[in-house]
Amino acid sequence: MMASKKMVCTVLVTALSCMCLLLSGCGRGNESARKHYVAIITKSTESAFWKSVYAGAGAAATEYNLQISMDGPEREEDYQTQNEMIRQAVKDGAEVIVFSAVDYNANSEAINEAAEMGVKIVVIDSDVNSSQVSCRIGTDNREAGRMAGKAALKAEMEELYIGIVNYDINSANGQQREEGFREAAGEDVRVKDMYTINVVSTTEDARKGTAELLKEHPEINVIVTFNEWTSLGVGWAIRDLGLAEKTQVVAFDSNVVSVGMLETGEVDALIVQNPYAMGYLGVEEAYRLLNGGDTGETVVDTSTTCVTRDNMFEPECQRMLFSFD
């Protein structure tokens, strides 16, 4: 009987030992199979621009077998919420943050804190004031502004009075676009004056601000604006006031409404960026960093196209105008 009990105990111990080995082996297998986690934090989430960014990011995540999260504040001026998202991503175990800054300076502390915790940083679209960024991917904003300036100068009026409807003054890309625009437009002797307003980056604020600007300066016959929401606001204001035939409008980005405005005349040119490429390349760079690779170029310029009523139906322009689903 005693021997039998000893045998049972031996069998149980052996079984338990095997179970532990199996469980530990499974644990190691799960760990090795665990996907790297990349957090994508953008200026907002709802516009066609950002949805196209997310489509590109999702495609790259699938190709490179990465776990990603995609988040952004409701308002493009809300840098505080962005900072909270950065800190939460670090807590959640993000190894890379792909980031588009609401505020060039106000987002820098949170980004630097993340980098000090070992998180790699890739910037897309809008830059942040940090030396910890491994790669910056997006539009050459100064050159895009110059492209807008050249489009504005196609206006046939003998004298040009230009209204600039820009968004948050603390957003780096908007300011760089305005600088490039002023450089190009200032080269034409027909330009007599330029007036700038900064509005909250929403359609309604841009619509209201444009109407007030035109009321204060009725001589304005050219208007330029620099992102998707402000473009819609400017277009609606021009339609409200019946100024489509008298005003040259150069806007940025594209969605179904702004493309319709290009067709009907409230907008004369759209400077169209490549948000899909920003999302895809941002995640691709994250993958390279996670695997110890060299990112190569520290600044990557994605393509920008000027689309007008004359070329909007060309295949290349159609691909740029309509975002990937």
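Of the 325 residues of the protein chain, 51% count as buried, a term that means under 20% relative accessible area, with exposed meaning over 50% and partly exposed in between (1.4 Å probe, protein chains only). The structure is a predicted model, in which local features need pLDDT of at least 70 and side-chain atom pairs count only at pLDDT 80 or more, while totals for chains, interfaces and linings use all residues. Residues are numbered from 1 along each chain as its sequence is written, and side-chain values use heavy atoms, with hydrogens and water left out.

The protein chain contains 11 helices and 12 strands. These elements are DSSP runs numbered from the N terminus, helices being H or I with at least four residues and strands being E with at least two. Among contacts (heavy atoms within 4.5 Å) between residues at least 6 apart in sequence, 72% join residues at least 24 apart.

Strands E3 (residues 96-99) and E4 (residues 120-124) run parallel and are joined by four bridges. Phe-99 stands opposite Val-123 in E4.

A further open sheet of six strands has the order E7-E6-E8-E9-E10-E12 and mixed pairing. Strands E7 (191-198) and E12 (305-308) form its edges, each pairing on one side only. Here the twist averages 15 degrees from one strand to the next. Strand E10 (residues 269-272) pairs with E12 in the antiparallel sense over four bridges, and Leu-270 has Val-307 in E12 as its bridge partner. Helix H9 (residues 256-264) packs on the sheet, touching E10 and E12, and the direction of H9 makes about 145 degrees with that of E10.

Strand E8 (residues 222-225) runs parallel to E6 (residues 160-166), to which four bridges join it, and Val-165 stands opposite Thr-225 in E8. Three bridges join E8 to the parallel strand E9 (residues 248-252), where Gln-248 is the bridge partner of Val-222. In a regular strand the side chains alternate between the two faces of the sheet. In E8, Val-222 and Val-224 point one way and Ile-223 and Thr-225 the other way, and all are buried.

Met-157 lies in the loop between helix H5 (141-152) and E6. Met-157 counts as partly exposed because its relative accessibility is 26%. Leaving aside residues up to four places away in sequence, Met-157 touches Arg-190, Asn-221, Val-222 and Lys-246. Met-157 and Thr-247 are 90 residues apart in sequence, and their C-alpha atoms are 9.6 Å apart in space.

Note on methods
Two strands pair if DSSP finds at least two bridges between them. Axes are lines fitted to C-alpha atoms, for helices over the stretch in contact, and angles run from 0 to 180 degrees between N-to-C directions.
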